[in-house]
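This briefing covers the two chains shown below. Overall dimensions come first, then the contact between the chains, then selected local elements.

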Amino acid sequence: MLSFYLEAPAVAAPGLDGWANAKPVLAEENVYQQAPLPDYVPQILPPTAQRRGSISTLLAIQTAQESLGTTEIAPTELASIFASSIGDPEIVDRLCSALADPQPMVSPTQFHNSVHNAPAGYWSIAIDSLESTNSLAASDASFAAGLLSAAVQCRAESRSLLLVAYDLPFEAPLDATRPLSAPFATSMVVTPCATRQTQLHCTLEINTISAPASRMADAKLEQLRIGNPAARALPLLQQLASPTDEETLTFDYLPDCQLQLKCKPC
Amino acid sequence: MDPLQITAYTTVSAAGDGKEALQSALLEGKGGLQPNDFGHAPLDTWIGRVADLENRPLDEDDRQFECRNNRLALMALQQDGFLTAVESLKSRVDPTRIGLFLGTSTSGILSTEQAYLALRNSGRWPAGYHFKGSHDLFSATQFVRQKLGLKGPAFSISTACSSSAKVFCDAHRFISTGLCDAAIVGGVDTLCLTTLFGFNSLELVSGQPCRPFDQNRDGISIGEAAGFMVLEKNSTTDSGVALLGYGESSDAYHISTPRPDGAGARLAMEQALNRAELTVDEIDYINLHGTATPSNDRAEANSINRLFPSSTPCSSTKGWTGHTLGAAGITESIIACLAIEAGFIPGTLNTQSPDPTLGLNIQCATKTEPVTRVLSNSFGFGGSNCSLLFGRTSC
């Protein structure tokens, strides 16, 4: 069992544009309404990165930047974990289209942005930090894997981490074989001890499958949750938005095990 | 930190199928690079290609995972008695407490490239294409987990060329927090047009077999490889070699160019030494990341020069295997273990005249001598650095 604390939640998704807007929706004070996602250009990135960063990098860093605005932990003290199933769908399409040409030519910027850890790399540049970053993937369970890995690193190394999860849909032709319903990114800070910003005390366990995954009561939010691997975080974001006394959340992880997260408001 | 014992490992690369073949290649100076013949418009470069993967389809039962990357993963699982070793591990350790952490950079993206090519040539998207079993970064991890009958935590790490080094760090954390008692780590990356043409677009590909740390070095040779290792905290089958330390850092400099002063890389090496409670004088050999691009090798030299004595023997083994990208970490960790077990310092194949301005003690030829502790460096795009320290536990 892993014990840790959560603070500084952030989100960027259609109709959930930033934590201040998302919080009353997740707390069921406002009705969720889908709205187009703004074109994010996170100001924390240096100008060249603002221009060159891919859509996945801009989305992931948008939430990371928002978390950084809330936590009092210095950015250079945070390790980071970026979890995403697909990485950047637009670059995959552009590279594979270019490579099907009889004389293939690819853009060097697109190629270097194609690595799964491009958002992590841009993040370390943005905050000028030599601290470790990690970039994970576990298909639909990428958020669960990211949360687990963050909790493990938090306990193993007694350190605070930024956890970012993001995914964006493919367009044709790949959307048919790997359909995602909407873009979604979220970010939060995981700490080994309570801070002044702590919102939840959590304990995490890996268990055999005993219960269905926690769902969203609102049908549209539930659609969002199952439509994007990063949006599997929504039940936890709801706890962060409106903590109940104590709640145990279940996250699907692997075919034979799931994560159980006990959350207690602080 | 508490060491993790290495109780089994297996490898396939252009330098050989299995660890004995790899060791013979290293001792005899026989590399695996060949002129590039990959894809529909081969670039003028050299590659480390594993022979005959095209003719090793997965079984019908595994068809959902069919792709070049998983073929190579399976080929590696079948070498070196690894499957038997995992069965033995499962008799000692509850499979729900065996973690699986695999690194890959491009996974089975070749399948998507081929689907786009088919679409362009025939106007039809191939009916057999499946994303989750091939291109998905989690594909090999799911495939290997199923093949080995593991039930513990698992995920893929994709941090470019440090991917299958960083898996060791997660394995150690999962074991030290008590979530796992053992872990299988590894990585697999296979040739694809994305990396061949991508590195070429950045002018990082050599027209010759790569010459790491040579004064005339001019780029990488891309290779493919798979490798796996069993790590245990309390082993009864102690081979004597263990993971003693790890370090991870970022460059915070550029996505595809290393930080020139090597400060990030140096931090990763310092962390590995600190976790192992060892000093620089106690390291017998450094297996360099040594990709053979002018800027990579210079940045790595700068990081080592500011930390290690100039006498520490260093080499890059990428002349044997090519740069196997997301599989480089595990492949070179296995070379570190072979060096310790068999007592040799690998040379730097193809390198004739080490760059005198880099200041390292580059070993050009493989030489036989006792080796107790090895530092292995893996650095990737995004400024992702990882250093691993291997050594004997009973000396």
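Chain B contains 11 helices and 17 strands, where helices (H or I, at least four residues) and strands (E, at least two) are DSSP runs numbered from the N terminus. Its radius of gyration is 19 Å, close to the 21 Å that the globule rule gives for 395 residues, so chain B is as compact as a globular protein of that length. The radius is taken over C-alpha atoms, and the rule is 2.2 Å times the number of residues to the power 0.38.

This is a predicted model, in which local features need pLDDT of at least 70, side-chain atom pairs count only at pLDDT 80 or more, and totals for chains, interfaces and linings use all residues. Residues are numbered from 1 along each chain as its sequence is written, while chains are lettered from A and ligands numbered from 1 in the order in which they are written.

**Confidence**

- The model scores ipTM 0.98 and pTM 0.98.
- Chain B has a mean pLDDT of 97, with 98% of its residues at 70 or more; pLDDT is the predictor's confidence in each residue, from 0 to 100.

**Chain B overall**

- The C-alpha trace of chain B spans about 60 × 50 × 40 Å along its principal axes.
- Of the 395 residues in chain B, 66% are buried. A residue is buried if 20 or more other C-beta atoms lie within 10 Å of its own, exposed if 12 or fewer, and partly exposed in between, with C-beta atoms placed from the backbone.
- Among contacts in chain B between residues at least 6 apart in sequence, 79% join residues at least 24 apart. Two residues are in contact if their C-beta atoms, placed from the backbone, lie within 7 Å.

**Chain A overall**

- Chain A has 9 helices and 9 strands.
- Its radius of gyration, 18 Å, agrees with the value near 18 Å for a compact globule of 266 residues.
- Buried residues account for 58% of the 266 residues in chain A.
- Of the contacts in chain A with a separation of 6 or more, 72% are between residues 24 or more positions apart.

**Interface between the chains**

- In chain B, 52 residues are in contact with 52 residues of chain A.
- On the side of chain B that touches chain A, at least two residues each come from helix H4 (109–122), S6, helix H6 (163–176), helix H7 (193–201), strand S10 (241–250) and helix H8 (263–276) of chain B.
- H4(B) gives the largest share of that side, 6 residues.
- The residues of this side of chain B comprise 25 nonpolar, 18 polar and 9 charged. Ala, Val, Leu, Ile, Met, Phe, Trp, Tyr, Cys and Pro count as nonpolar, Asp, Glu, Lys and Arg as charged, and the others, Gly among them, as polar.
- Strand S4 (residues 133–137) of chain A pairs with S6(B) in the antiparallel sense over 2 bridges; two strands pair if DSSP finds at least two bridges between them.
- Ser156(B) in S6(B) is the bridge partner of Ala137(A).

**Helix H5 of chain B**

- Helix H5 (residues 139–148) of chain B has 8 of its 10 residues buried, so it is largely enclosed by the rest of the structure.
- The buried residues of H5(B) are Ser139(B), Ala140(B), Thr141(B), Gln142(B), Phe143(B), Val144(B), Arg145(B) and Leu148(B).
- They pack against helix H2 (68–77), helix H3 (82–92), strand S5 (98–103), strand S6 (154–157) and strand S7 (182–189) of chain B.

**Glu232 of chain B**

- Glu232(B) lies in strand S9 (residues 225–232) of chain B.
- Glu232(B) counts as buried because it has 23 C-beta neighbours inside 10 Å.
- Not counting residues up to four places away in sequence, Glu232(B) touches Leu4(B), Gln5(B), Thr7(B) and Ala182(B).
- Between Glu232(B) and Ala182(B) the C-alpha to C-alpha distance is 4.4 Å, although they are 50 residues apart in sequence.

**Strand pairing within each chain**

- In chain B, 3 strands form an open sheet of mixed pairing in the order S3-S4-S8.
- Strand S3 (34–35) and strand S8 (222–223) of chain B stand at the edges with a single partner strand each, so one side of each is left without a neighbour in the sheet.
- Strand S4 (residues 46–48) of chain B runs parallel to S8(B), joined by 2 bridges, and Gly48(B) stands opposite Gly223(B).
- In chain A, strand S8 (residues 247–254) and strand S9 (residues 257–265) pair in the antiparallel sense over 7 bridges.
- A hairpin through 2 residues joins S8(A) to S9(A), and Glu247(A) stands opposite Cys263(A).
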